[in-house]
Structure formats: structure tokens, C-alpha cells
Amino acid sequence: MQKNNITILSTGALEKEFVDIAFDLDIIVETIPFIATSPVATAELQKTLEPLVRQQAFVIITSSNAVEALAASLPVSPTSWAFFCIGHATGAKVRKYFAASTIAATADNAKGLVQEIVNRGLPGEMIFFCGDQRRDELPDQLRARRVIVREVVVYETIPTPQKLAKHYEGILFFSPSAVKSFFSLNQPGPGTVLFSIGPTTAEALEAFTKNKIIIAERPEKEEVVDKAIEYFKQ
């Protein structure tokens, strides 16, 4: 008897184990990235990083892409940085690349991370390592509390849109940038369910479509896949 497989699209890269878990439950996940990232490699960035790496610093980092780009750019690994992270996957990357530093706090979103920073006593200055498409919410909330936020762009986001001819029962989105890239050439079918890594990405989706949107409870790719499995296997 032929299985009635569900086919969903991931608009960003997924670890093989997540794809395999879905496949074992008759859900086929096809991956077509709609954005790419490129580390910044400029003399100006190196000039900024060289003195920072030897100083005590309170560091904000909100994505795995930023962690990897920062690790590739630093001349040596810092030993006196305290990291404040959004997402457990981001925290795991910090532990991998910056084992000698400290993770001071992790939260699921910008509001939660600001509260964690407030709870620990607001520092006078923080360094926000980010991409060129970063949102204003987090730095604006900290500046409203009189914290100096130095923003250092360590990677660029590059749209990679492509026109799709295939129908998918579900589509996974992990960033507003990927949403914009996807919708620049595509529209999902009326019955396609959209799965979002968080509220910010969901807001971007709502600007383009009336399709059903399901938001992950935690900003992790694994959680988005789990939400899709839960929806289609119920």
C-alpha cells in the first residue's frame, strides 16, 4: 500500500537529523534556502575587533550566523566576555566557539533578553554583534534604559529567491529576510500552512499572506519542525 506522504518546504538549511525524523513519520522535507549569509571581511572590522577581544565586554548575540561570523573574524578567542544570547541554538554555538567566555543569560526573544539583562544589573555599555538586517527592538529597548549599545555588523544577508512550480502542504520560515525573498517570486497555495520560528517572522508573513500561520514556542529550528510534525500527524 502506497503511503500518503506530506511534503513540506524548508526555506533555510536544516540538520539532517530533523529531516530524518520527519521522514520516518511520512513527512518529506525539501530544503531550498531563500537567503545566504556572508561574513564581513574588512580591515575596518578587524580594526574594531582587535582591541575588543582583549577587554572585558558584555556581548549581545542573537543568531548562530553571527556567532560563526564573529568566530571567523576574531584574531584570538576572548576570555573576558559575558554573552547574552537569543535562542538555545545560539548559546550552544557560543559554547562551541568561545568556551573560555561566559554565557550570562539566554532568552527566547528580545523582550526576554532585555529583562534578563535588567535582572543582572544594567551595564553601562554592551556590544551587539549582528547582521546587516538586524531589527531595532532589542537595541532600542536597551538605549531607552540608558545603556550604550555598540553595534558591530559581522555578516551580511543575501536574498536568493527562486520561482517554485511545486505545491507544498507546509512551508517553514526562519527569518523575515527569508520571508521577503520567498514572496518576491512566490505565493503559497490557499491550503498551505506556514510555520514560523517566532513572532517577528510571523509578522513578516502576515504582511504577504492570509494563510494559516503556526508559531514555534521557542526560536529553534527543531521546534519549527516539531510544530509541523505535530500539525500534520494529529
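This briefing describes a helix pair, the nonpolar cores and selected salt bridges of the structure. The model is predicted, so local features need pLDDT of at least 70 and side-chain atom pairs count only at pLDDT 80 or more, while totals for chains, interfaces and linings use all residues. Residues are numbered from 1 along each chain as its sequence is written, and side-chain values use heavy atoms, with hydrogens and water left out.

**Helix pair**
- Helix α1 (residues 16–24) packs with helix α9 (residues 221–233) at an angle of about 10°, and their axes are 10 Å apart.
- This makes α1 roughly parallel to α9 (angles under 35 degrees count as such).
- Phe18, Ile21 and Ala22 of α1 are in contact (heavy atoms within 4.5 Å) with Lys221, Glu222, Val225 and Ile229 of α9.

**Nonpolar cores**
- A nonpolar core is a set of buried Ala, Val, Leu, Ile, Met, Phe, Trp, Tyr and Cys residues joined through side-chain atoms within 4.5 Å; buried means under 20% relative accessible area, exposed over 50%, and partly exposed in between (1.4 Å probe, protein chains only).
- The largest such core has 23 residues, and Ile61 and Trp81 are among those with the most contacts inside it.
- Helix α3 (64–73) is one of the elements that supply at least two residues of this core, and α3 gives the most, with four residues.
- Another core, apart from this one, has 19 residues, including Ile6 and Val193.

**Salt bridges**
- The whole structure holds ten salt bridges (a side-chain nitrogen of Lys or Arg within 4 Å of a carboxyl oxygen of Asp or Glu).
- One of them joins Arg218 and Glu223, at 3.2 Å from N to O; Arg218 is partly exposed at 32% relative accessibility, whereas Glu223 is buried at 11%.
- Arg134, Asp136, Arg143 and Glu151 form a salt-bridge network.

Notes: Axes are lines fitted to C-alpha atoms, for helices over the stretch in contact, and angles run from 0 to 180 degrees between N-to-C directions. Angles under 35 degrees count as roughly parallel, over 145 as roughly antiparallel, 65 to 115 as roughly perpendicular and the rest as oblique.
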